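Work through the exercises below with the sequence and the model at hand. Try each task before reading its solution.

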Amino acid sequence: MLLSIRDLSVTFDTLQGPFKAIEGIDLDVDERDTLAIVGESGCGKSVLGHATMRLLDDIAIVRGSVKFKGKEIYSMKKDELLKLRGKAISLVPQSPSTSFNPVIKIGDQIKVLIEKDGIAKGSAARQRAIDFLGKAGFPDPVAIYESYPHRLSGGMCERALIAMAVSVEPELIIADEPTKGLDAISRKNILAMLHKMAEGASMIMITHDIKAAVTCKRMAVMYSGEIVEEGITASVINKPKHFYTVGLLEAQPSRGMKPIKGRHSLLSRMDGGCRFRNRCDAADSVCKTHPLLRERDGNGRVRCHHA
Ligand SMILES: Nc1ncnc2c1ncn2[C@@H]1O[C@H](COP(=O)(O)OP(=O)(O)OP(=O)(O)O)[C@@H](O)[C@H]1O
Ligand code: NI
């Protein structure tokens, strides 16, 4: 197993008191696996992505285990962690426009990373950066290399960030909302490019876009900090078991754009029952107890008393 996450939780100290952004996360990612993590804004997708790379700052209290090739990331020393981030696990961050340093040329930022990871030096590193910008679909990669970030549109920045993340040949790519803010055609192009460039590696794709999620082999649905359903993408899409997954699919433009009724409530999180029950038509008294994530037809898992 490439990545194993067990009982992972992240708590932030906020003015209103401690807030558990994610809880009880169990996930495995195999070699050459692609896993989409979907769910509405604020459900904890990015926190999970960052916690996986131990990128959260010290105010976050992290519990549980994250193992990469059997090695616990949370007991690694600083130098091991630096090696892990890059060649082992590479992040395509959520906000492309703020992820580059505005005063350094795009290409030089990629070159520095390639040099840091010891893949190439000097002019060879520069050439590698140009090659990867070309692979990312830029017709004139040298011009992009020489550009400052503000010259690039959102979609171009996303492409350059993907080029940067894969230029170090990582074993696992975590792509956070790679299609955010893009029109339908750019979305399709970016997804095709991302999968092509990630060939041979594994990928976790964080997204609220089901059309992006279906390009991955497996899919995990998050609600209110927890995984509520997980399995082979086709079976989750065609036979959703959790009522939140059903709602999420019906909210897609292609399926009538029917919104999920009600709103996510933090209160439903605190009383220990099913976190979705205030929005669920099937909810009854049994939902006052917290459902466990259990086997789903021998394929994946679901967290619902009625599934
Ligand atoms: N540094 C922090 N301090 C306090 N709360 C935080 C912090 N970072 C994230 N959170 C909270 O954790 C929850 C999960 O945030 P996260 O960014 O993971 O959501 P997300 O699923 O990625 O949403 P989006 O689709 O909007 O990116 C949110 O309620 C957020 O406000
Ligand atoms: Ni996010």
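Predicted model: local features only at pLDDT ≥ 70, side-chain atom pairs only at ≥ 80, totals over all residues.

**Exercise 1. Determine how strand S9 is covered and which strands it pairs with.**

Step 1. Locate S9 at residues 218–223 and check each residue for burial; six of its six residues are buried.

Step 2. Separate the two faces. Arg-218, Ala-220 and Met-222 lie on one side, and Met-219, Val-221 and Tyr-223 lie on the other. Both faces are covered.

Step 3. Look for the parallel partner. Strand S3 (residues 34–38) runs parallel to S9 and is joined to it by four bridges. Within S9, Val-221 stands opposite Val-38.

Step 4. Look for the antiparallel partner. Strand S10 (residues 226–232) is joined to S9 by six bridges and runs antiparallel to it. Ala-220 has Glu-230 of S10 as its bridge partner.

Step 5. Inspect the connection. Two residues lie between S9 and S10, which form a hairpin. In the turn, Ser-224 has a positive phi of about 50°.

**Exercise 2. Describe the shell around ligand 1 by residue, element and class.**

Step 1. Count the residues: 14 surround ligand 1. The closest are Phe-12, Ala-21, Ser-41, Ser-46 and Val-47.

Step 2. Assign them to elements. Strand S1 (3–14), strand S2 (17–29) and helix H1 (45–52) each give two or more residues to the shell. The most come from H1, which gives three residues.

Step 3. Sort by class. The shell around ligand 1 holds eight polar, five nonpolar and one charged residues.

**Exercise 3. Classify the packing of helices H5 and H7.**

Step 1. Take the values for H5 (residues 122–135) and H7 (residues 154–166). The angle is about 130° and the axes are 9 Å apart.

Step 2. Apply the cut-offs. Angles over 145 degrees count as roughly antiparallel and those from 65 to 115 as roughly perpendicular. The angle of about 130° therefore makes H5 oblique to H7.

**Exercise 4. Is Leu-194 buried or exposed?**

Step 1. Count its neighbours. Leu-194 has 25 other C-beta atoms within 10 Å.

Step 2. Compare with the cut-off. A residue is buried if 20 or more such atoms lie within that distance, so Leu-194 is buried.

Step 3. Relate sequence to space. Leu-194 and Ser-90 are 104 residues apart in sequence, and their C-alpha atoms are 13 Å apart.

Terms used. Residues numbered from 1 in each chain as written. Chains lettered and ligands numbered in written order. Buried ≥ 20, exposed ≤ 12 C-beta atoms within 10 Å, placed from the backbone. Pairing = 2+ DSSP bridges. Near = placed C-beta within 6 Å. Nonpolar A, V, L, I, M, F, W, Y, C, P; charged D, E, K, R; others polar. Axes fitted to C-alpha atoms, helices over the stretch in contact; angles between N-to-C directions. Parallel < 35°, antiparallel > 145°, perpendicular 65-115°, else oblique.
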